[in-house]
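Hello,

Here is the structure we talked about, with its sequence. Please open it first and then read the notes below beside it.

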Amino acid sequence: MHDDEAQRRVDRIHAFQEELTALEREQVLVLDQPQRARLAAHHGELLRSLAAAFDVDVTGAQKQLSWGMRIVAFLGAAAMSAAVWFLFYKYWGRLGTPVQVAILVTAPLLALAGVELAARREQTGYFATIAALVAFACFVLDLGMLGRIFAITPSQHAFLAWGAFAALLAYGYGLRLLLVAAILSLMGWLTATVGTFGGCYWLSAGERPEHFILAGLAVFAAGFLPHPRREQRTFPATYRLFGLLAVLVAILVMANWGETSVLPLAPRTVEHLYQVGGFAASALAIWAGIRRRWLGTTNLGATFFAIFLYTKLYDWWWEWMARWLFFLVVGLVAVLLLLVMKRLRTAARVTAP
Amino acid sequence: MKRPALLAAAALVLAASVFALCGVVWNRHGEPEATLTLTEREAPLAWSAPSRESSGVALRLSVHGTGYDYGYKTLRVARARQDGLEGARLAALGFDTALPRDLDQAYLAARRQLSRPAFAAVELGGAPWEAWKRALAAEVEKTEAEVAAGKRTAEALERERRELAETIRDGSRLFLVEVDRDPEALRSRHPDRQAVFVAPVTVDVHVDHEGDDRACDPSWCRLQGSVSLLVDEVNVPRQLQGGLREAMAAAERERGAPGEKPHYQVVLRSGRRHEPWIEAIGARAEER
């Protein structure tokens, strides 16, 4: 058993206790006192042992606190990374070149030792996440500053190195935040590299959103790779979420600014194509999300479907409609969307096993 | 899984850093590709540093015809000299130079072309500098004629003369002279390694259009290239900062005095990968 399974067992116990209380109130199933005492003792012992062995939340307050801890860990990691950057920037001009190089190369190695130490001392991974993100920031600083110190011509391949580094830490220690860093770095590298095939400068490749669609699809496809290890159970969903986000954002940009496309068509034609494509892609995401039970994919699809719809409503009606009427229509459309989603939800409930 | 991942990550840090440093050694190994002696005119203190949050010191390469110095006056004079980056030169860099007849479509065609990497020959002084001075002097003469005809005021003429004097005294003498995909071809056409260095650049295109006509006729509407240095700031290592500090302290003491520039000279080198570095910095020097 691992943390996720232990948490699901805890959740099942709580759900069972609530349902049992309801059944007793409705006089459907009433346990006698010895049975109830035995059940309570068993559940109590089980919860205590699970809490001792795994990082689980056995009360609602603990669950809320866990979310708070995740947010604090993220903010702490971002702040520590910024501190490392600013510390180096503050003093680097006063150091000789060999000392600068030595610091830049050893800082990520020291931070890696910190990751290992944090992972050994504390099982929840919060402190390992902070140390790992600091290590990542140190490595970015390393290659970035080597480039600045020695006036090295910038290259997109640095993103490949950063992405590989973050991926190693993400897979080695089961750190989702580092997987996000890896996905963003690798998408940057892929986008830039695809762009250079056409002869453009790698930094300009980002000006053509189609390049992001290719990278997004590649990342989405990575979600289908097997992730058998328990600490990597959330990784496929992360791949799907960020891959889909890249695709939908790129489509949204081209649906509104057609001249950014690589397609040799008039900007208005490109915009119309991508508007249709945006509705189709987000509807497909909702459908696939419901069918395969990918909650994040469904939510992201629904969000972008609404965004595509509202940007179209704005294009059609903002100029000639009275403001009160425009917002009334927007509100009514929201109600309509809710009704459609409710029907979908009901249908999903009926087809569920 | 943890230990192999940790070791692989550490190996990656070392490999990437060593790879970057090997590139630096390769660039600086052997005879420099170019060695130029610049002054504060061509290599002023970079805007980015030093500051309260960054102690790094860098010099900015100020090159006529690239992003930083592509101001109105430069553009006007460059156009007058017919030395713009356009036509066949842009086509050789991979740009599609055929523009639609409709002006809006022409602008769209230009915007849709992404910047491309290339190399530029950058010359210190020499013929471009002399031509530049002559072009500026011609501008002043034109203003003199306009003043004589009553089209402009004497104040405008005085301002133009002052600008000319300041440009000749303080302005950069580095000029972009040619752009090509092949750095070796550039070097073969500009063999003077003491006066010309070859630098990696990016080239962007825009429509250069004169007049009010909405049609894009090739005689007044054409695709024009603009060039940006990929490396436009060069780090000053700590051991060379002393000379720079002394020169800047002297500048502070002399602030406002006429003819104050340049305060220092910089020996700039570039290597096999056309990446520059500062070899030496000294106090005020003889100008070329």
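**Notes on the two-chain model**

The second largest cavity is lined by residues of both chains: W92(A), G93(A), L95(A), T97(A) and Q100(A) on one side, and G56(B), V57(B), N235(B), V236(B), P237(B), R238(B) and Q241(B) on the other. Please keep in mind that this is a predicted model. The volume of this second largest cavity is about 40 Å³. Two helices, α4 of chain A and α8 (238–253) of chain B, each supply at least two residues of its lining. Sorted by class, the lining of the second largest cavity holds five nonpolar residues, six polar ones and one charged one.

How many cavities of 30 Å³ or more are there? The count comes to four. The largest cavity holds about 50 Å³ of space. Its lining is made up of L61(B), F197(B), V198(B), A199(B), P200(B), L229(B), V231(B), S270(B), H274(B) and P276(B). Strand β6 (residues 196–209) of chain B gives the largest share of that lining, four residues. By class, the lining of the largest cavity has eight nonpolar residues, two polar and no charged.

Next, the contact between the chains. Chain A brings 54 residues to the contact and chain B brings 43. The size of an interface is often given as the accessible area lost when the parts come together. Between chain A and chain B the buried area is about 4000 Å², and carbon and sulfur atoms give 62% of that area. Which residues of chain A lose the most area to chain B? They are F150(A), A151(A) and Y201(A), which together make up 14% of what that side buries.

There are 19 residue pairs in polar contact between chain A and chain B, counting pairs with both residues at pLDDT 80 or more. On the side of chain A that touches chain B, the elements giving two or more residues are α3 (60–91), α4 (97–121), α5 (126–149), α6 (157–173) and α10 (267–292) of chain A. Of that side, α4(A) provides the largest share, nine residues. The residues of the side of chain A that touches chain B comprise 34 nonpolar, ten polar and ten charged.

Side chains of opposite charge can pair when their charged atoms come close. Across the interface of chain A and chain B, one salt bridge is found. It joins the side chains of R111(B) and E259(A), with 2.6 Å from N to O. Over all chains, the whole structure has 20 salt bridges. Another of them pairs the side chains of R48(A) and E45(A), at 3.5 Å from N to O. Both R48(A) and E45(A) belong to helix α2 (residues 33–53) of chain A, where they sit three residues apart, about one turn of the helix.

By class, the lining of the second largest pocket divides into 22 nonpolar residues, ten polar and five charged.

Best wishes

Note on methods
Residues numbered from 1 in each chain as written. Chains lettered and ligands numbered in written order. Predicted model: local features only at pLDDT ≥ 70, side-chain atom pairs only at ≥ 80, totals over all residues. Heavy atoms only, no water. Contact = heavy atoms within 4.5 Å. Buried area = accessible area lost by both parts, 1.4 Å probe. Salt bridge = Lys/Arg side-chain N within 4 Å of Asp/Glu carboxyl O. Polar contact = N/O pair within 3.5 Å; in protein donor to acceptor, adjacent residues only side chain to side chain. Nonpolar A, V, L, I, M, F, W, Y, C, P; charged D, E, K, R; others polar. 1 Å grid on protein atoms, 1.4 Å probe; cavity = no way out; pocket = protein on both sides within 12 Å on 5 of 7 lines; lining within 4 Å. Points joined across faces, edges and corners; volume = space filled by probe spheres on them.
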